[in-house]
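Colleague: Could you take me through this model and say what stands behind each label you use?

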Amino acid sequence: CFNRSLGAPYVNNKLDPSRISPIALKILTMIPESTDPCGKLTYSIPSHDREDQAVGKVDYQINEKQSLFVRYFIGKHTVSAAFDGKNLLLMSQQISVGKDDMVQTGSIGHTYTFNTTMLNKIHVGFQRSAIERSPTPGVPTWQELGAGVFSPVKGYFNLSITNYFTPLHGNNNPAPWAATTFMLSDDFSMI
């Protein structure tokens, strides 16, 4: 510890609770109280995640000059929110909010051999990412804490305390993100 006495407005190194914002006091009810004389707090963030992946592959020889292939991959990663209704510090890592991510890729290819010196390959493919970060049940909004701030998303608020801690990770804004890209290529080779 620092082994020093704080000056006014502290009395016996404690601030009169009437001088603390009622909103800050409500937030502190969701931060565990340290039993360490210096205020050190040790906690762990549980990880409740699951990842599933599947791959599909087909190769087909149509005839001696033509072949076809199909490839497909899907990956899904889900994470349940870690907040237990009591400890906001459980929300301090990106893995600690609810999310549902899915990635898919697929391609189809056709090869045609004209003769021993000429070959044509055509490929068609796609890639899709869909990411959903969801609000966390039980996390209060600023409005619910009593602040005169519009809170459009229930179960979400952002907070950072300079030189102390950030109980809510900044990259956890609840929202969906989706992107799809397509690919087409045709390669003609002559030797």
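**Labels and their cut-offs**

Modeller: Strand E3 (49-61) and strand E6 (118-134) each supply at least two residues of the nonpolar patch. Strands (E, at least two residues) and helices (H or I, at least four) are DSSP runs, numbered from the N terminus. This is a predicted model, where local features need pLDDT of at least 70 and side-chain atom pairs count only at pLDDT 80 or more, while totals for chains, interfaces and linings use all residues. Residues are numbered from 1 along each chain as its sequence is written, and side-chain values use heavy atoms, with hydrogens and water left out.

Colleague: Which residues form the nonpolar patch on the surface?

Modeller: Val58, Tyr60, Ile62, Val70, Ile108, Ile122, Val124 and Leu184, with about 690 Å² of accessible area together. A patch takes residues with over 30% relative accessible area and no salt bridge; nonpolar side chains (Val, Leu, Ile, Met, Phe, Trp, Tyr) are joined within 5 Å, like charges within 9 Å. The areas come from the Shrake-Rupley method with a 1.4 Å probe, and for residues only the protein chains shown count as cover.

Colleague: Why is Val70 called partly exposed?

Modeller: Val70 has a relative accessible area of 32%. Buried means under 20%, exposed over 50%, and partly exposed in between (1.4 Å probe, protein chains only), so Val70 is partly exposed. Val70 lies in strand E4 (residues 66-79).

Colleague: What makes the strands a sheet, and in what order do they stand?

Modeller: Two strands pair if DSSP finds at least two bridges between them. Here 5 strands form an open sheet in the order E3-E4-E5-E6-E7, with antiparallel pairing. E3 and E4 are joined by 13 bridges, E5 and E6 by 17, and E6 and E7 by 16. A hairpin of 2 residues connects E5 to E6.

Colleague: What makes Tyr112 and Phe114 an aromatic pair, and of which kind?

Modeller: Rings of Phe, Tyr and Trp (its six-membered ring) pair if their centres lie within 6.5 Å; planes under 30 degrees apart count as stacked, over 60 as edge-to-face and the rest as tilted. Tyr112 and Phe114 are 4.8 Å apart centre to centre with 70° between the planes, an edge-to-face pair. Phe114 also pairs edge-to-face with Phe188, at 6.0 Å and 65°. Phe114 is in strand E5 (residues 98-115) and Phe188 in strand E7 (residues 175-190), so this pair ties together parts 74 residues apart in sequence. The ring pairs link Tyr112, Phe114 and Phe188 into a cluster.

Colleague: How do you know that Arg50 and Asp52 meet in a salt bridge?

Modeller: A salt bridge is a side-chain nitrogen of Lys or Arg within 4 Å of a carboxyl oxygen of Asp or Glu. Arg50 and Asp52 come to 2.8 Å, N to O, so the pair qualifies. Arg50, at 54% relative accessibility, counts as exposed, whereas Asp52, at 37%, is partly exposed.

Colleague: How many salt bridges does the rule give?

Modeller: The count comes to 6. One of them joins Glu144 and Lys154 at 2.3 Å, N to O. Glu144 is in helix H2 (residues 142-145) and Lys154 in the loop between H2 and E7, 10 residues apart. Lys154, with a relative accessible area of 58%, is exposed. Elsewhere, salt bridges that share partners join Lys57, Asp59 and Arg71 into one network.
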